Amino acid sequence: MSEAVLLIGTKKGLWIGRSDAARQEWRLDGPVPEFEMQGVYAVGIDTRGDRARLFVGGTSEHWGPAVFHSDDLGKTWAEPPEGSIGFPKDADAALERVWQIQPAPADQPGVVYAGSQPSALWKSIDGGVTFELVRGLWDHPHRKEWGAGFGGQAVHTVLPHATDPQQLSVAMSTGGVYQTRDGGRSWSPANHGIKAYFMPDPDPEFGQCVHKLAAHPDVPERMFAQNHHGVYRSDDGGAIWKSIADGLPSDFGFPIVVHPHEPATVYVFPLVADGNRIPTEAKCRVYRSRDAGSTWEPPTAGLPDVSYVPVLRDAMTTDTADPAGVYVGTRDGCVYASADSGDSWVEVASHLPDILTVRAAVLE
(Lines give C-alpha, C1' and ligand atoms only; values in the text may rest on other atoms or scores of the structure.)
Protein backbone atom coordinates (compact mmCIF):
# COMPACT_ATOMS: atom_id res chain seq x y z
CA MET A 1 0.00 0.00 0.00
CA SER A 2 1.39 3.39 -0.94
CA GLU A 3 -1.07 5.77 0.72
CA ALA A 4 -4.69 6.40 1.55
CA VAL A 5 -6.77 9.34 0.37
CA LEU A 6 -9.55 10.74 2.54
CA LEU A 7 -12.29 13.08 1.35
CA ILE A 8 -13.96 15.16 4.06
CA GLY A 9 -17.12 17.04 3.13
CA THR A 10 -18.26 19.81 5.48
CA LYS A 11 -20.85 22.55 5.62
CA LYS A 12 -18.23 25.00 4.38
CA GLY A 13 -16.27 23.03 1.84
CA LEU A 14 -14.01 20.07 1.07
CA TRP A 15 -10.76 18.90 2.67
CA ILE A 16 -8.53 16.16 1.26
CA GLY A 17 -6.29 14.02 3.43
CA ARG A 18 -3.30 11.94 2.27
CA SER A 19 -1.57 9.42 4.51
CA ASP A 20 1.79 7.75 4.81
CA ALA A 21 2.01 4.02 4.10
CA ALA A 22 1.15 3.15 7.69
CA ARG A 23 -1.88 5.47 7.77
CA GLN A 24 -0.56 7.02 10.97
CA GLU A 25 0.64 10.36 9.62
CA TRP A 26 -1.70 12.52 7.56
CA ARG A 27 -1.38 15.68 5.48
CA LEU A 28 -4.58 17.68 5.17
CA ASP A 29 -5.23 20.13 2.33
CA GLY A 30 -8.18 22.50 2.27
CA PRO A 31 -10.51 24.04 2.01
CA VAL A 32 -10.38 23.18 -1.70
CA PRO A 33 -10.94 26.54 -3.44
CA GLU A 34 -13.60 25.27 -5.85
CA PHE A 35 -15.91 24.35 -2.96
CA GLU A 36 -15.15 26.93 -0.30
CA MET A 37 -18.37 27.88 1.54
CA GLN A 38 -20.32 25.15 -0.27
CA GLY A 39 -22.18 22.50 1.66
CA VAL A 40 -20.52 19.23 0.61
CA TYR A 41 -23.07 16.59 1.54
CA ALA A 42 -21.75 13.83 -0.73
CA VAL A 43 -18.31 12.66 -1.76
CA GLY A 44 -17.23 9.52 -3.56
CA ILE A 45 -14.13 7.70 -4.76
CA ASP A 46 -14.22 5.42 -7.80
CA THR A 47 -11.21 3.08 -7.92
CA ARG A 48 -12.47 0.78 -10.69
CA GLY A 49 -10.39 2.26 -13.50
CA ASP A 50 -6.70 2.82 -14.14
CA ARG A 51 -6.79 5.91 -11.93
CA ALA A 52 -9.06 7.01 -9.14
CA ARG A 53 -11.89 9.42 -9.88
CA LEU A 54 -13.07 11.64 -7.02
CA PHE A 55 -16.59 13.03 -6.76
CA VAL A 56 -18.11 15.93 -4.86
CA GLY A 57 -21.78 16.72 -4.50
CA GLY A 58 -21.64 20.40 -3.63
CA THR A 59 -24.38 22.91 -2.91
CA SER A 60 -23.63 26.54 -3.66
CA GLU A 61 -25.94 29.15 -2.16
CA HIS A 62 -25.66 31.02 -5.47
CA TRP A 63 -25.39 28.33 -8.17
CA GLY A 64 -27.26 25.50 -6.49
CA PRO A 65 -26.29 21.80 -6.38
CA ALA A 66 -24.00 19.96 -8.78
CA VAL A 67 -21.76 16.90 -9.05
CA PHE A 68 -18.09 17.54 -9.82
CA HIS A 69 -15.36 15.03 -10.65
CA SER A 70 -11.57 14.99 -10.53
CA ASP A 71 -9.15 12.58 -12.22
CA ASP A 72 -6.00 13.99 -10.63
CA LEU A 73 -6.75 13.44 -6.94
CA GLY A 74 -8.34 16.84 -6.46
CA LYS A 75 -5.87 19.12 -8.23
CA THR A 76 -8.54 20.12 -10.75
CA TRP A 77 -12.30 19.65 -10.87
CA ALA A 78 -14.75 19.48 -13.76
CA GLU A 79 -18.46 19.78 -14.45
CA PRO A 80 -19.91 19.65 -17.98
CA PRO A 81 -21.11 23.02 -19.39
CA GLU A 82 -24.68 21.74 -19.58
CA GLY A 83 -24.58 20.68 -15.94
CA SER A 84 -24.12 17.29 -14.36
CA ILE A 85 -27.50 16.60 -12.77
CA GLY A 86 -30.97 18.12 -12.87
CA PHE A 87 -34.63 17.21 -13.14
CA PRO A 88 -36.24 17.15 -16.57
CA LYS A 89 -38.92 19.77 -17.10
CA ASP A 90 -41.80 17.31 -16.97
CA ALA A 91 -40.77 16.20 -13.44
CA ASP A 92 -41.98 19.55 -12.08
CA ALA A 93 -39.24 19.55 -9.43
CA ALA A 94 -36.01 21.32 -8.61
CA LEU A 95 -32.88 19.66 -7.28
CA GLU A 96 -32.08 20.86 -3.77
CA ARG A 97 -29.11 18.74 -2.75
CA VAL A 98 -27.07 15.66 -3.70
CA TRP A 99 -26.83 13.34 -0.71
CA GLN A 100 -25.07 10.28 -2.11
CA ILE A 101 -22.61 9.36 -4.87
CA GLN A 102 -22.07 5.63 -5.23
CA PRO A 103 -20.06 3.84 -7.95
CA ALA A 104 -21.52 0.51 -9.03
CA PRO A 105 -19.55 -2.76 -8.68
CA ALA A 106 -16.55 -3.39 -10.93
CA ASP A 107 -18.55 -5.43 -13.45
CA GLN A 108 -20.58 -2.31 -14.28
CA PRO A 109 -17.87 0.06 -15.55
CA GLY A 110 -19.03 3.62 -16.03
CA VAL A 111 -22.12 3.23 -13.85
CA VAL A 112 -22.38 5.63 -10.92
CA TYR A 113 -25.51 6.31 -8.86
CA ALA A 114 -26.57 9.42 -6.98
CA GLY A 115 -29.29 10.06 -4.41
CA SER A 116 -30.85 13.47 -3.94
CA GLN A 117 -33.24 15.78 -2.17
CA PRO A 118 -36.11 15.69 -3.06
CA SER A 119 -36.09 11.90 -2.86
CA ALA A 120 -34.83 10.70 -6.23
CA LEU A 121 -32.35 8.23 -7.67
CA TRP A 122 -30.02 9.12 -10.53
CA LYS A 123 -27.87 6.95 -12.80
CA SER A 124 -24.77 7.82 -14.77
CA ILE A 125 -23.34 5.59 -17.50
CA ASP A 126 -20.41 7.89 -18.34
CA GLY A 127 -18.45 7.50 -15.15
CA GLY A 128 -20.34 10.07 -13.11
CA VAL A 129 -20.00 13.01 -15.49
CA THR A 130 -23.74 13.31 -16.17
CA PHE A 131 -26.74 11.73 -14.46
CA GLU A 132 -30.27 10.88 -15.57
CA LEU A 133 -33.32 10.52 -13.34
CA VAL A 134 -34.44 6.94 -12.63
CA ARG A 135 -38.09 7.39 -13.49
CA GLY A 136 -39.26 4.11 -11.99
CA LEU A 137 -38.63 5.36 -8.44
CA TRP A 138 -39.61 8.97 -9.15
CA ASP A 139 -42.98 7.90 -10.59
CA HIS A 140 -43.70 5.46 -7.76
CA PRO A 141 -47.25 5.91 -6.40
CA HIS A 142 -45.92 6.14 -2.83
CA ARG A 143 -43.77 9.19 -3.58
CA LYS A 144 -46.39 11.77 -2.65
CA GLU A 145 -46.57 10.20 0.82
CA TRP A 146 -42.83 10.23 1.51
CA GLY A 147 -42.13 12.79 4.18
CA ALA A 148 -39.11 14.82 5.14
CA GLY A 149 -36.73 13.82 7.89
CA PHE A 150 -34.97 16.37 10.05
CA GLY A 151 -32.37 16.85 7.32
CA GLY A 152 -34.85 16.98 4.45
CA GLN A 153 -36.63 14.53 2.17
CA ALA A 154 -33.81 12.61 0.52
CA VAL A 155 -32.55 9.37 -0.94
CA HIS A 156 -29.38 9.25 1.15
CA THR A 157 -28.26 5.65 0.61
CA VAL A 158 -27.73 3.79 -2.65
CA LEU A 159 -26.68 0.15 -2.27
CA PRO A 160 -26.03 -1.71 -5.54
CA HIS A 161 -26.19 -5.49 -5.40
CA ALA A 162 -22.73 -7.01 -5.60
CA THR A 163 -23.47 -9.64 -8.27
CA ASP A 164 -26.80 -8.78 -9.92
CA PRO A 165 -26.86 -5.45 -11.81
CA GLN A 166 -30.66 -5.61 -11.93
CA GLN A 167 -30.93 -5.39 -8.14
CA LEU A 168 -30.53 -2.18 -6.16
CA SER A 169 -31.60 -0.94 -2.73
CA VAL A 170 -32.11 2.65 -1.63
CA ALA A 171 -33.01 4.19 1.70
CA MET A 172 -34.71 7.50 2.31
CA SER A 173 -35.84 9.70 5.15
CA THR A 174 -38.64 9.32 5.35
CA GLY A 175 -39.97 6.47 3.25
CA GLY A 176 -37.71 3.62 4.30
CA VAL A 177 -36.04 0.98 2.15
CA TYR A 178 -37.08 0.40 -1.47
CA GLN A 179 -35.70 -2.22 -3.83
CA THR A 180 -35.72 -2.98 -7.53
CA ARG A 181 -35.03 -6.32 -9.19
CA ASP A 182 -35.48 -5.18 -12.77
CA GLY A 183 -32.89 -2.48 -13.17
CA GLY A 184 -34.98 0.35 -11.76
CA ARG A 185 -38.16 -0.01 -13.78
CA SER A 186 -40.24 -1.03 -10.74
CA TRP A 187 -39.71 -0.66 -6.99
CA SER A 188 -41.14 -2.24 -3.85
CA PRO A 189 -40.83 -1.23 -0.18
CA ALA A 190 -38.69 -3.58 1.92
CA ASN A 191 -39.33 -2.54 5.53
CA HIS A 192 -40.95 -5.54 7.19
CA GLY A 193 -39.76 -5.51 10.81
CA ILE A 194 -38.36 -1.96 10.83
CA LYS A 195 -40.28 0.16 13.32
CA ALA A 196 -41.69 3.67 12.88
CA TYR A 197 -42.70 4.52 16.44
CA PHE A 198 -43.59 8.08 15.43
CA MET A 199 -46.42 6.94 13.12
CA PRO A 200 -49.95 5.89 14.11
CA ASP A 201 -49.12 2.41 12.82
CA PRO A 202 -45.62 1.61 14.09
CA ASP A 203 -45.27 -1.21 11.52
CA PRO A 204 -46.17 0.47 8.24
CA GLU A 205 -45.40 -0.84 4.76
CA PHE A 206 -43.36 2.31 4.16
CA GLY A 207 -42.69 5.62 5.86
CA GLN A 208 -39.85 4.54 8.14
CA CYS A 209 -36.98 6.92 8.78
CA VAL A 210 -34.10 4.61 7.91
CA HIS A 211 -30.85 6.48 8.49
CA LYS A 212 -28.40 4.20 6.65
CA LEU A 213 -27.98 0.80 4.96
CA ALA A 214 -24.88 -1.36 4.57
CA ALA A 215 -23.97 -4.78 3.19
CA HIS A 216 -20.83 -6.74 2.36
CA PRO A 217 -20.36 -7.73 -1.30
CA ASP A 218 -19.44 -11.31 -0.35
CA VAL A 219 -22.77 -11.75 1.49
CA PRO A 220 -25.15 -9.40 -0.33
CA GLU A 221 -28.27 -11.02 1.09
CA ARG A 222 -27.23 -9.98 4.62
CA MET A 223 -28.01 -6.31 5.07
CA PHE A 224 -27.69 -3.96 8.03
CA ALA A 225 -29.78 -0.89 8.82
CA GLN A 226 -29.48 1.96 11.31
CA ASN A 227 -32.98 3.30 11.82
CA HIS A 228 -34.49 6.25 13.67
CA HIS A 229 -34.38 4.20 16.88
CA GLY A 230 -33.46 0.70 15.81
CA VAL A 231 -30.49 -1.29 14.55
CA TYR A 232 -31.44 -4.18 12.29
CA ARG A 233 -30.13 -7.05 10.20
CA SER A 234 -31.79 -8.85 7.32
CA ASP A 235 -30.55 -12.27 6.27
CA ASP A 236 -32.79 -12.54 3.22
CA GLY A 237 -31.96 -9.48 1.16
CA GLY A 238 -34.30 -7.09 2.97
CA ALA A 239 -37.47 -9.19 3.04
CA ILE A 240 -37.50 -9.37 6.88
CA TRP A 241 -35.54 -7.25 9.35
CA LYS A 242 -34.70 -8.26 12.93
CA SER A 243 -33.30 -6.14 15.73
CA ILE A 244 -29.62 -6.49 16.65
CA ALA A 245 -29.65 -3.62 19.15
CA ASP A 246 -29.21 -5.80 22.25
CA GLY A 247 -25.83 -5.01 23.75
CA LEU A 248 -25.74 -1.43 22.50
CA PRO A 249 -26.22 1.46 24.94
CA SER A 250 -28.82 2.97 22.58
CA ASP A 251 -30.50 2.00 19.33
CA PHE A 252 -30.45 5.57 17.97
CA GLY A 253 -27.72 6.78 15.64
CA PHE A 254 -27.00 7.61 12.04
CA PRO A 255 -24.13 5.65 10.40
CA ILE A 256 -23.68 1.92 9.96
CA VAL A 257 -20.64 0.50 8.17
CA VAL A 258 -19.48 -3.03 7.30
CA HIS A 259 -15.83 -4.11 7.42
CA PRO A 260 -14.39 -4.51 3.88
CA HIS A 261 -12.94 -8.00 4.49
CA GLU A 262 -15.02 -9.41 7.36
CA PRO A 263 -18.70 -9.67 6.37
CA ALA A 264 -19.81 -10.18 9.98
CA THR A 265 -18.01 -7.11 11.34
CA VAL A 266 -20.16 -3.98 11.54
CA TYR A 267 -19.73 -0.54 13.14
CA VAL A 268 -22.23 1.97 14.57
CA PHE A 269 -22.07 5.20 16.56
CA PRO A 270 -24.84 5.26 19.20
CA LEU A 271 -26.48 8.49 20.39
CA VAL A 272 -28.69 8.82 23.46
CA ALA A 273 -31.99 9.37 21.64
CA ASP A 274 -33.66 11.31 18.86
CA GLY A 275 -34.43 14.07 21.34
CA ASN A 276 -30.94 14.00 22.89
CA ARG A 277 -28.43 13.69 20.08
CA ILE A 278 -25.20 13.34 22.00
CA PRO A 279 -23.02 10.22 22.29
CA THR A 280 -24.05 7.81 25.00
CA GLU A 281 -22.33 8.59 28.32
CA ALA A 282 -21.02 11.74 26.57
CA LYS A 283 -18.10 9.72 25.17
CA CYS A 284 -16.94 9.39 21.58
CA ARG A 285 -17.41 5.66 20.99
CA VAL A 286 -17.57 3.53 17.87
CA TYR A 287 -19.27 0.24 18.68
CA ARG A 288 -18.12 -2.84 16.77
CA SER A 289 -19.69 -6.25 16.34
CA ARG A 290 -17.68 -9.15 14.95
CA ASP A 291 -20.66 -11.54 14.83
CA ALA A 292 -23.19 -9.67 12.68
CA GLY A 293 -24.76 -7.89 15.63
CA SER A 294 -25.05 -10.64 18.22
CA THR A 295 -22.57 -8.91 20.53
CA TRP A 296 -21.01 -5.43 20.62
CA GLU A 297 -17.84 -3.84 22.00
CA PRO A 298 -16.55 -0.24 22.07
CA PRO A 299 -12.79 -0.11 21.41
CA THR A 300 -11.67 3.15 23.02
CA ALA A 301 -7.94 3.68 22.46
CA GLY A 302 -7.38 7.14 21.01
CA LEU A 303 -10.98 8.36 21.08
CA PRO A 304 -12.03 11.25 23.35
CA ASP A 305 -13.45 10.36 26.74
CA VAL A 306 -15.64 13.48 26.67
CA SER A 307 -17.74 14.35 23.64
CA TYR A 308 -21.13 15.92 23.05
CA VAL A 309 -21.22 15.82 19.25
CA PRO A 310 -22.80 13.24 16.96
CA VAL A 311 -21.56 11.54 13.82
CA LEU A 312 -23.83 11.90 10.80
CA ARG A 313 -24.98 9.10 8.51
CA ASP A 314 -22.21 9.43 5.90
CA ALA A 315 -19.45 10.57 8.25
CA MET A 316 -18.17 7.06 8.96
CA THR A 317 -16.46 4.88 6.35
CA THR A 318 -13.75 2.30 5.72
CA ASP A 319 -10.94 1.79 3.25
CA THR A 320 -9.98 -1.56 1.68
CA ALA A 321 -6.52 -2.03 3.22
CA ASP A 322 -5.67 -5.07 5.32
CA PRO A 323 -5.95 -4.40 8.20
CA ALA A 324 -8.83 -2.13 7.30
CA GLY A 325 -8.96 1.57 7.99
CA VAL A 326 -12.03 3.00 9.70
CA TYR A 327 -12.75 6.74 9.68
CA VAL A 328 -15.14 8.91 11.70
CA GLY A 329 -15.93 12.62 11.30
CA THR A 330 -17.79 14.56 13.98
CA ARG A 331 -20.00 17.61 13.90
CA ASP A 332 -17.40 19.67 15.75
CA GLY A 333 -14.92 19.17 12.92
CA CYS A 334 -12.75 16.32 14.18
CA VAL A 335 -11.72 13.28 12.15
CA TYR A 336 -10.44 10.08 13.77
CA ALA A 337 -8.79 7.28 11.82
CA SER A 338 -8.06 3.69 12.75
CA ALA A 339 -5.52 1.64 10.79
CA ASP A 340 -6.35 -1.60 12.65
CA SER A 341 -10.07 -2.18 12.05
CA GLY A 342 -11.10 0.01 14.96
CA ASP A 343 -8.82 -1.27 17.71
CA SER A 344 -7.07 2.10 18.09
CA TRP A 345 -7.49 5.61 16.70
CA VAL A 346 -5.51 8.73 15.84
CA GLU A 347 -6.81 12.24 15.27
CA VAL A 348 -6.47 13.25 11.62
CA ALA A 349 -8.13 16.67 11.78
CA SER A 350 -9.68 19.11 14.23
CA HIS A 351 -11.46 22.46 14.15
CA LEU A 352 -12.96 21.88 10.71
CA PRO A 353 -16.52 22.99 9.96
CA ASP A 354 -19.42 20.62 10.66
CA ILE A 355 -18.45 17.31 9.00
CA LEU A 356 -21.16 15.85 6.80
CA THR A 357 -19.47 13.03 4.91
CA VAL A 358 -16.18 11.12 4.64
CA ARG A 359 -14.88 8.59 2.12
CA ALA A 360 -11.52 6.84 1.96
CA ALA A 361 -9.62 4.70 -0.51
CA VAL A 362 -6.25 3.01 -0.72
CA LEU A 363 -4.09 4.01 -3.68
CA GLU A 364 -1.59 1.39 -4.83
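Ala, Val, Leu, Ile, Met, Phe, Trp, Tyr, Cys and Pro are classed here as nonpolar, Asp, Glu, Lys and Arg as charged, and the others, including Gly, as polar. The structure is a predicted model, in which local features need pLDDT of at least 70 and side-chain atom pairs count only at pLDDT 80 or more, while totals for chains, interfaces and linings use all residues. Residues are numbered from 1 along each chain as its sequence is written, and side-chain values use heavy atoms, with hydrogens and water left out.

**Stop 1: the second largest pocket**

Select Phe-150, Gly-151, Phe-254, Leu-312 and Arg-313, which lie nearest the centre of the second largest pocket. A pocket is an open set of points on a 1 Å grid over the protein atoms alone, with protein on both sides within 12 Å along at least five of seven lines; lining residues have an atom within 4 Å of a point. Its volume, the space filled by probe spheres set on points joined across faces, edges and corners, is about 470 Å³. In total, 21 residues line this pocket: nine are nonpolar, six polar and six charged.

**Stop 2: the largest cavity**

Next, select Trp-99, Gly-151, Gly-152, Ala-154, His-156, Ser-173 and Arg-313, which line the largest cavity. In a cavity, a 1.4 Å probe fits but cannot get out. The largest cavity has a volume of about 40 Å³, and the count of cavities of 30 Å³ or more comes to one. Its lining divides into two nonpolar, four polar and one charged residue. Gly-151 and Arg-313 belong to the lining of this cavity and also to that of the pocket at the previous stop.

**Stop 3**

Strands (E, at least two residues) are DSSP runs numbered from the N terminus, and two of them pair if DSSP finds at least two bridges between them. E11 belongs to an open antiparallel sheet of four strands in the order E11-E12-E13-E14. E11 runs antiparallel to strand E12 (residues 168-173), with six bridges joining them. To view this pairing, select Thr-157, which stands opposite Ala-171 in E12.

Now show the backbone at Ser-173 and Thr-174: the peptide bond between these residues is cis, with omega near -10°. Thr-174 is placed in the loop between E12 and strand E13 (176-180).

Pro-118 is in the loop between strand E8 (112-117) and strand E9 (120-124).

**Stop 4**

E1 and E2 form a hairpin with two residues between them.

**Stop 5: the nonpolar cores**

Select Leu-6, Ile-8 and Val-286, which touch the most other members of the largest nonpolar core, a set of 36 residues. Such a core comprises buried Ala, Val, Leu, Ile, Met, Phe, Trp, Tyr and Cys residues joined through side-chain atoms within 4.5 Å. The strands that each supply at least two residues to this core include E1, strand E19 (252-258), strand E20 (266-273) and E27. E27 gives the largest share, four residues. Around Leu-6, contacts (heavy atoms within 4.5 Å) beyond four places in sequence include Trp-15, Trp-26, Tyr-327, Val-348 and Val-358. Another core, apart from this one, has 17 residues, among them Val-32, Phe-35, Ala-52 and Phe-68.

**Stop 6: two positive phi values**

Finally, select Arg-23, in the loop between E2 and strand E3 (26-29). Its phi is near 60°, a positive value in a residue other than glycine, and at 7% relative accessibility Arg-23 counts as buried. Met-37, in the loop between E3 and strand E4 (39-46), has a positive phi of about 75°. At 55% relative accessibility, Met-37 counts as exposed.

Terms used
Buried means under 20% relative accessible area, exposed over 50%, partly exposed in between (1.4 Å probe, protein chains only).
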